[in-house]
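Try each one yourself before reading the solution.

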Amino acid sequence: MLNYNENSPVDDFKCGNNYFLLFTCLVFFSGISSSYADTEDNLKVSGFARVVMGYLDDKNAEYLGYDNSISLDQESLIGLQLDYQVVDTLAVTGQVIGHTGAQRDSGIEWLYLTYHPTKALKFKLGRQRTPFLNYSDVIDVGYAYPWATLPQQTYPRHFFSTFDGLMANYEISNNEFVLNIEGYWGGFKDKVVVAERIMEAETTDFRGLISNLAYQNWTFRASYHQGRTSVDLDDVVQFSGLLGQLGFTQSAESLATVGSTEVYQLSVNFENIDYFVRTEFNRIQADFVFVPDSDNYFVSAGYNYLPFSTYISYSQNKTQYEPAATDIPIGINSQLDIIAFSYQEIFNQLPIDSSEAFTIGTRWDLKAGLALKGEISQLNGANSDRAFFTVNDPSFDRKAILYLVALEWVF
Amino acid sequence: MKYLLYFIALLGFSSWHASGANGIVVVANTQDTSITLSRQEVRNLFMGSSLSYGLKAVALPPDNQTRVMFNTKVVGLTESRIQSYWAQMRFTGRKTPPKQVANEKSVLTYLKNNQGAVGYLPANTVIPKSLTVIYTSQ
């Protein structure tokens, strides 16, 4: 279930690492009027684009791909969405995204049918974005949220994906509140990066339930998701088999490459004309070795003074792996010592991403559909952890400041 | 002291002026003339939720002053936040924003010609008899 789209099977729309193409895309789509272009009555064309410029103030590490040179190609992207209303109750939606980031694939994010039997009930069938967290399915639409980038501590980039399946949505609305309940079921197969290794992963019986309640100026979202994932790691499977044959069953079982992952999420937002407070918590629990358990949250408060809003945020995540088994004796003979050492080495190499970030930023709404954001984040992690950094020098203290400027556009 | 009195008088005048010209009415083309909505229901309707009355919202452009008043008095959100909300709804396939027309005159014309349509207008607008006021802002 934990996924990092290293190479999607669908790869037919690619801006790649190409500023020129991104620029061309932007110029081309700027010809479309600022909101919703109706090319025909039943066909709606819309889209979004973002150019994100980032700089990390430390030469010893990288964070989200940013290093101590100014770069534009980590999170910049362009997306295009087509909605075609076939009949009153049936529509087709397709969305393609072109990323500049090398770690994100371009291609079809969405391709689904929507069936609307009543005003309150809706079904979507096809390829859709997984709605794990509040902003999971709009993580690429930066205009939809106040921050320049969603906090990595709560929205880790390896976590998001599309799935193929069925989603149902039911809405209850009265003069007090609006309640939306969503349920989905499906699966996906993709290459993933777990514990810094690229591997094939298949998630089956992937399902979730999401409730979203809007009451006056409050919005509450609670959700639960689970799936059964198997990762393709032949060397680990063989080693686990060997440990099992030798009778070290605890060690063998601790190297399971198949298991279920669960995600719990809760978010509360309050907003009015003058200010907003947003907070979100999620817990990820997995019962196989390469996916750690983690508790992640952020709290953010902002003040609106048109056309600006300024915010402060704090986000934190705590990551923990299941402890290694201890049923392989040490010191009896050298062969057993080698096996014990090899077993321990697997656990020693698992990266721990526990970290925190303090962020201050401002969003400037230049006009409807166009916003400019500036953001500074102080990132802190323990010296022994990876803390989402790519460490170039082992002496790096896991403390750095990330500067981001983002231009966000929807049309 | 004299300046303070002037200031208070100006303040008083400006608030009186505001209450006279800054009201909002929500008007519908509906056969059921007994419909009245609460502020929350109007908010829900213009934020895309389905209502049992079968009404369909029509909105003014983002820079329109009547829309700014409606955002402030009824929706209770900034235009920026409303635009962000619609970006999230549209690009998650959940809801689509209300149809948008150019100005207050176009709202009246659209309402008159479309059964079930509902729009907001300044409180001092002369409302044709064929339309029903279903909400008046305080």
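This is a predicted model: local features need pLDDT of at least 70, side-chain atom pairs count only at pLDDT 80 or more; totals for chains, interfaces and linings use all residues.

**Exercise 1.** Find which backbone nitrogen a side-chain oxygen of B:N64 reaches at the start of α3(B).

*Solution.* A side-chain oxygen of B:N64 lies within 2.7 Å of the backbone nitrogen of B:T66. Now look past the other end: B:G76 follows α3(B), and its phi is positive, near 75°.

**Exercise 2.** List the buried residues of α3(B).

*Solution.* Walk along the helix, which covers residues 65-75 of chain B. The buried residues are B:T66, B:R67, B:M69, B:F70, B:N71, B:V74 and B:V75.

**Exercise 3.** Work out how α3(B) and α4(B) are oriented to each other.

*Solution.* Two packed helices are described by the angle between their axes and the distance between the axes.
- Step one: the axes of α3(B) and α4(B), the latter spanning residues 79-90, come within 10 Å.
- Step two: these axes cross at roughly 85°.
- Step three: angles of 65 to 115 degrees count as roughly perpendicular, so α3(B) and α4(B) are roughly perpendicular to each other.
- Step four: α3(B) makes the contact with B:R67, B:N71 and B:V75, and α4(B) with B:E79, B:I82 and B:Q83.
- Step five: sorted by type, the residues of this contact are 2 nonpolar, 2 polar and 2 charged.

**Exercise 4.** Decide where in chain B the pLDDT is below 50.

*Solution.* Start with the chain as a whole: chain B averages a pLDDT of 85, and 83% of the residues score at least 70. Over residues 4-20 of chain B, however, the pLDDT is below 50. Beyond near neighbours in sequence, that stretch has 0 contacts in the model.

Technical notes
Residues are numbered from 1 along each chain as its sequence is written. Chains are lettered from A and ligands numbered from 1 in the order in which they are written. Side-chain values use heavy atoms; hydrogens and water are left out. Axes are lines fitted to C-alpha atoms, for helices over the stretch in contact, and angles run from 0 to 180 degrees between N-to-C directions. Helices (H or I, at least four residues) and strands (E, at least two) are DSSP runs, numbered from the N terminus. Angles under 35 degrees count as roughly parallel, over 145 as roughly antiparallel, 65 to 115 as roughly perpendicular and the rest as oblique. Contact means heavy atoms within 4.5 Å. Ala, Val, Leu, Ile, Met, Phe, Trp, Tyr, Cys and Pro count as nonpolar, Asp, Glu, Lys and Arg as charged, and the others, Gly among them, as polar. Buried means under 20% relative accessible area, exposed over 50%, partly exposed in between (1.4 Å probe, protein chains only). A polar contact is a pair of N or O atoms within 3.5 Å; within protein, one must be able to donate a hydrogen and the other to accept it, and residues adjacent in sequence count only if both atoms are side-chain atoms. pLDDT is the predictor's confidence in each residue, from 0 to 100.
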